[in-house]
Amino acid sequence: MMGVMASEETRAVKPTAARTPSAQGPLPPAPRAWAVRLVVVGIVLSALNLRPAITSLGALLEEVRDGLGMSGSVAGLLTSVPPLCFAVFGVTAPRLARRFGAGAVVCAGMVAITTGLLVRPYTGSTPGFLAASALALMGIAVSNVLMPVIVKRWFPDRVGSMTGLYSMALALGTSAAAAVTVPLTDALGGGWQSGLAVWAALAGAAVLPWIPLVRDKGPGSAVGSVHARVEGAGPVQLVHARVEPTALRITRSRTAWALAVFFGLQATAAYITMGWMAQIFRDAGVPAGTAGVLLAVTMVMGVPLAFVIPRVATRLPHQGPIVLALGVCGLAGYAGLYLAPAAGAWVWAVLLGVSNCAFPLALTMVGMRARTGAGVAQLSAFAQSTGYLISIPGPLLVGVLYQHSGGWGLPIALMIGLMIPQMAVGVLAGRDRTVEDEAAAAAP
């Protein structure tokens, strides 16, 4: 497996082009063992905090709406705030990382999440709730973009396995918030404010491992490095060649656009699910606690699959078959919600959970579609920011359709309709090529 990961990182670098250490100057120092361990802990704790701000709200959306006097359309706007913040703030992450270091930016992101989660339940108004939510989501946005960059820099020979670990922790945090927010709220006295604020404690814990790494910009250069095999070297013996940043015109790459649209459509499905699925079950007669558990089942499916899918994806020359399999599960799950939401609730929750694993697949493809750390940073920012921008109207439109139609038929039909183009662009994004090569070929 390690050999596969190493070859994945170096497939575009010819062995004959690899120079000896003396020809390239001194090698960068090997990462310190304590720093590597801290990075692993930091990645896991950060990933745990990248979705509870959203799924905890989904579990208590009805209570929050009643408490703040929100209409269905405003609640739809609330569920559109996450992708809006991810699009607006995510694009700034590479620039901030170049200036301050990725570790420092993620540390600041975790502080923002902690503050936003602690403040938002007690603002007492819809604008204040939205503003505090935006602060937390800003921290999530920059961390979203920088996680693939940190994985690429610190673990260049283990992109698949580390992406799987990160995605698994993200899914675990997502599902835990969906499952236990309602019971926690009851245990804390029944007030939705306490049920939401309690998640600030987990975010505060995620700040700690990044503090010693604030000044540490990671192994290799701040802008990226090329990892090339030495002739006759073992599978993970790599030469680290510092490279200067090149003017990569990411918008000239068809793969970058396909990946951005795929990311946007899977994000649309994910945020509609996280924001509205519990409400769909509740409106079908499912008790609130059970609806939260069903949402948790959907999210928890990502725990094992988010570890498996990236590892399988890195072994395949084309990730299209995985895209199609996940899409078929999504279509079946939405059809079940339309036809028999309560009767087959557990089956639909599982199917939609499998479908939502398009997210770790998209993250894995970000790491596979670029050769260098700089390329990954640029592709990650472009794909995520553009993708989240694409996903903004979806949750809002679901709220509007729900309010004006008086039921879930039209919103679910919209979800089914969006799954078809998601599968098509996912197949295009899964082709074995790199954005650097496509951008260079398209240059005048």
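Me: Is Arg 371 buried, partly exposed or exposed?
Reply: Arg 371 is partly exposed, at a relative accessible area of 25%. Bear in mind that this is a predicted model.

Me: What does Arg 371 form a salt bridge with?
Reply: The partner is Asp 437, and the closest N and O atoms are 2.8 Å apart.

Me: How many salt bridges does the structure hold?
Reply: There are 3. Besides the one at Arg 371, Arg 282 forms a salt bridge with Glu 63, and Glu 438 meets Arg 433.

Me: Take Arg 282 and Glu 63. How far apart are the closest N and O atoms?
Reply: They are 3.4 Å apart. The pair links distant parts of the chain: Glu 63 sits in helix 5 (residues 61-68) and Arg 282 in helix 13 (residues 254-283), 219 residues apart.

Me: Which side of the burial cut-off does Arg 282 fall on, buried or partly exposed?
Reply: Buried, because its relative accessible area is 17% and the cut-off is under 20%. Glu 63, at 28%, is partly exposed.

Me: What about the Glu 438 and Arg 433 salt bridge, what is the N to O distance?
Reply: It is 3.9 Å. Glu 438 counts as buried at 15% relative accessibility, whereas Arg 433 is partly exposed with a relative accessible area of 34%.

Me: What touches Glu 438 from elsewhere in the sequence?
Reply: Ser 253 does. Not counting residues up to four places away in sequence, Ser 253 touches Val 435 and Glu 438.

Me: Where is Ser 253 found?
Reply: Ser 253 is in the loop between strand 2 (238-242) and helix 13. With a relative accessibility of 0%, Ser 253 counts as buried.

Me: What does the side chain of Ser 253 reach?
Reply: Two backbone nitrogens: that of Thr 255 at 3.4 Å and that of Ala 256 at 3.1 Å.

Me: Changing topic, helix 9. How many residues does it have, and how far does it reach?
Reply: Helix 9 (residues 126-154) has 29 residues. From first C-alpha to last it reaches 41 Å, close to the 42 Å expected at 1.5 Å a residue.

Me: Where in helix 9 is there a kink?
Reply: At Leu 146, shortly before the proline Pro 148. The angle is about 35°.

Me: What caps the N-terminal end of helix 9?
Reply: Ser 125 does, with a side-chain oxygen 3.2 Å from the backbone nitrogen of Gly 128.

Me: How many residues of helix 9 are buried?
Reply: 23 of the 29 are, so the helix is mostly covered by the under 20% criterion.

Me: And what share of the whole chain counts as buried?
Reply: 56% of its 444 residues. The chain exposes about 16500 Å², and carbon and sulfur atoms supply 68% of that area.

Me: How many helices and strands are there?
Reply: The chain has 22 helices and 2 strands.

Me: What fraction of the contacts are between residues 24 or more positions apart?
Reply: 83%, counted among contacts with a separation of 6 or more.

Me: Is Gly 336 buried or exposed?
Reply: Gly 336 counts as buried, with a relative accessibility of 4%. As for Ile 412, it is 76 residues from Gly 336 in sequence and 9.8 Å away in space, C-alpha to C-alpha.

Note on methods: Residues are numbered from 1 along each chain as its sequence is written. This is a predicted model: local features need pLDDT of at least 70, side-chain atom pairs count only at pLDDT 80 or more; totals for chains, interfaces and linings use all residues. Side-chain values use heavy atoms; hydrogens and water are left out. Helices (H or I, at least four residues) and strands (E, at least two) are DSSP runs, numbered from the N terminus. The expected span of a helix is 1.5 Å times one less than its number of residues. The bend at a residue is the angle between axes fitted to the seven residues ending there and the seven starting there. Buried means under 20% relative accessible area, exposed over 50%, partly exposed in between (1.4 Å probe, protein chains only). A polar contact is a pair of N or O atoms within 3.5 Å; within protein, one must be able to donate a hydrogen and the other to accept it, and residues adjacent in sequence count only if both atoms are side-chain atoms. Contact means heavy atoms within 4.5 Å. Accessible areas come from the Shrake-Rupley method with a 1.4 Å probe; for residues, only the protein chains shown count as cover. A salt bridge is a side-chain nitrogen of Lys or Arg within 4 Å of a carboxyl oxygen of Asp or Glu.
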